[in-house]
Amino acid sequence: MGNAVEGLTPGYFALVMATGIISAGMSLEGFAVLSSVLLVVCAVAFVTLLSLTVWRVVAYRGAAAEDFMDPRRAFGYFTYVAGTNVFGVRLALAGHHTATAVLLTFTFLAWVVLGYVVPWTAVLGRQERPVVITANGTWFIWVVASQSVAVAAATIEPVFEAGRRELALLAVVSWSVGVFLYGAAGVLVALRLMLYKFGPEELTPPYWVSMGALAITVLAGARIVEMADAPMVHATRGLIAGLAVVFWAFATWLIPVLVAAGWCRHVRRRVPLRYEATLWSIIFPLGMYGVASIYLGRADTLPIVENIGRVDLWVAFGAWAVVLAAMCLHVYQTVFARGPAAGA
């Protein structure tokens with residue numbers, strides 16, 4: 001167990017992100033029982049991962065610090081922000097707006113701190129050059145974290161009249177920051193692909209976050225458009241509504257590219273397909289694309305977009321079930337079933 005905690009990847013909160021967003025999608029579609037079951041799984045995963053992360057930071061500070069210094073893993077810490085906000089938004093759908101507000105308070109602080117610490121420790125503070133050679137799909141998680149703050153703020157903005165202007169400002173600012181961060185991450189990752197040797201073996205699951213980041217940008221934009229009137233909302237509603245459709249179109253275009261990359265990696269190059277924590281980086285984008293499509297279709301009266309989202313949501317749920325079963329088997333085999341001899 002100690003070895004498992006020490007080696008816990010910072011990006012494991014993607015499990016919470018994936019489960020929470022699919023639960024939210026099932027709630028939107030009226031599957032209350034299934035959505036509630038997924039919410040329970042999401043809550044258990046959140047508490048478990050939060051406890052293990054605290055354990056790791058306290059007992060294995062060196063391992064946690066090394067992750068902050070590694071540009072290939074450091075951005076995984078932003079999954080805490082995104083996972084917590086997705087969990088909070090799902091609680092808001094169940095009427096627990098105060099819990100959402102409390103979680104948003106913690107995630108906003110974490111988003112601000114990590115937004116300055118991680119780029120400095122993992123990228124700007126490195127002596128090795130060029131740093132762009134380390135760019136990968138996990139860098140888009142920073143975008144997802146920013147947009148998750150926007151979604152959470154926009155979700156509770158109509159409920160809390162006292163802080164409506166502040167929540168509207170936070171939603172628009174974090175959404176805008178996320179858009180610019182996507183452009184920056186996209187340029188850096190594109191340079192990595194074009195300037196340095198890169199094969200299908202390196203097209204790991206986190207590259208799906210490039211699509212998931214666009215999808216959550218669409219969802220955040222749709223939620224902002226629906227917020228109650230506030231000065232910041234009034235000034236940006238038209239712009240954000242139009243850009244949300246553009247981002248949805250680009251996210252749709254990326255899906256065949258990512259599927260082709262996976263086929264090339266596992267079929268042509270025969271890279272074994274086995275369980276790894278980063279597989280949740282595929283499930284979350286699938287679920288987020290489905291929910292964003294449903295929400296955008298309803299908000300802008302686009303039935304075809306809504307229907308695409310409905311189909312994708314069930315694809316995401318099927319993939320979630322497969323990966324969850326693989327994770328449970330993996331944890332049993334590597335943590336609980338290994339005797340002293342095997343562990344040695």
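1. What is the handedness of the crossing of H7 and H8? In this predicted model, H7 and H8 cross in a left-handed manner. The two helices span residues 141-156 for H7 and residues 164-195 for H8, and their axes come within 8 Å at a crossing angle of roughly 160°. H7 and H8 are therefore roughly antiparallel to each other, the angle being over 145 degrees.

2. The residues that form this H7 and H8 contact can be listed from both sides. From H7 come Trp142, Val143, Ser146, Gln147, Val149, Ala150, Ala153, Ala154 and Ile156. Sorted by class, the contact of H7 with H8 holds 15 nonpolar and four polar residues, and no charged residues.

3. Helix H2 (residues 14-28) packs against helix H5 (residues 78-93) with axes 8 Å apart and an angle of about 25°. That angle makes H2 roughly parallel to H5. The crossing of H2 and H5 is left-handed. On the H2 side the contact involves Ala14, Val16, Met17, Gly20, Ile21, Ser23, Ala24 and Ser27, while H5 contributes Thr79, Ala82, Gly83, Val86, Phe87, Arg90 and Leu93. The class count for the contact of H2 with H5 is nine nonpolar, five polar and one charged.

4. H2 also packs against H11, at an angle of about 30° and with the axes 8 Å apart. This makes H2 roughly parallel to H11. The crossing of H2 with H11 is left-handed. H2 takes part through Ala14, Leu15, Met17, Ala18, Ile21, Ile22, Gly25 and Leu28. The partners in H11 are Trp280, Ser281, Ile283, Phe284, Gly287, Met288, Val291, Tyr295 and Arg298. In this contact of H2 with H11, 13 residues are nonpolar, three are polar and one is charged.

5. Some residues of H2 should be read against both partners. Ala14, Met17 and Ile21 are listed in the contact with H5, and Ala14, Met17 and Ile21 are listed in the contact with H11.

6. Which element supplies the largest share of the lining of the largest pocket? H12 does, with eight residues. The lining of the largest pocket divides into 19 nonpolar, eight polar and three charged residues.

7. The second largest pocket has a volume of about 530 Å³. Of its 23 lining residues, Trp208, His266, Leu273, Leu279 and Ile282 are the closest to the centre. Two or more residues each are given to this lining by helix H10 (231-268), helix H11 (280-299) and H12. H10 provides the largest share of the lining of the second largest pocket, six residues. By class, the lining of the second largest pocket has 17 nonpolar, three polar and three charged residues.

Notes: Residues are numbered from 1 along each chain as its sequence is written. This is a predicted model: local features need pLDDT of at least 70, side-chain atom pairs count only at pLDDT 80 or more; totals for chains, interfaces and linings use all residues. Side-chain values use heavy atoms; hydrogens and water are left out. Axes are lines fitted to C-alpha atoms, for helices over the stretch in contact, and angles run from 0 to 180 degrees between N-to-C directions. Helices (H or I, at least four residues) and strands (E, at least two) are DSSP runs, numbered from the N terminus. Angles under 35 degrees count as roughly parallel, over 145 as roughly antiparallel, 65 to 115 as roughly perpendicular and the rest as oblique. A crossing is left-handed if the near helix is turned anticlockwise from the far one by less than a right angle, and right-handed if clockwise. Contact means heavy atoms within 4.5 Å. Ala, Val, Leu, Ile, Met, Phe, Trp, Tyr, Cys and Pro count as nonpolar, Asp, Glu, Lys and Arg as charged, and the others, Gly among them, as polar. On a 1 Å grid over the protein atoms alone, a cavity is a set of points where a 1.4 Å probe fits but cannot get out, and a pocket is an open set with protein on both sides within 12 Å along at least five of seven lines; lining residues have an atom within 4 Å of a point. Grid points are joined across faces, edges and corners, and a volume is the space filled by probe spheres set on the points.
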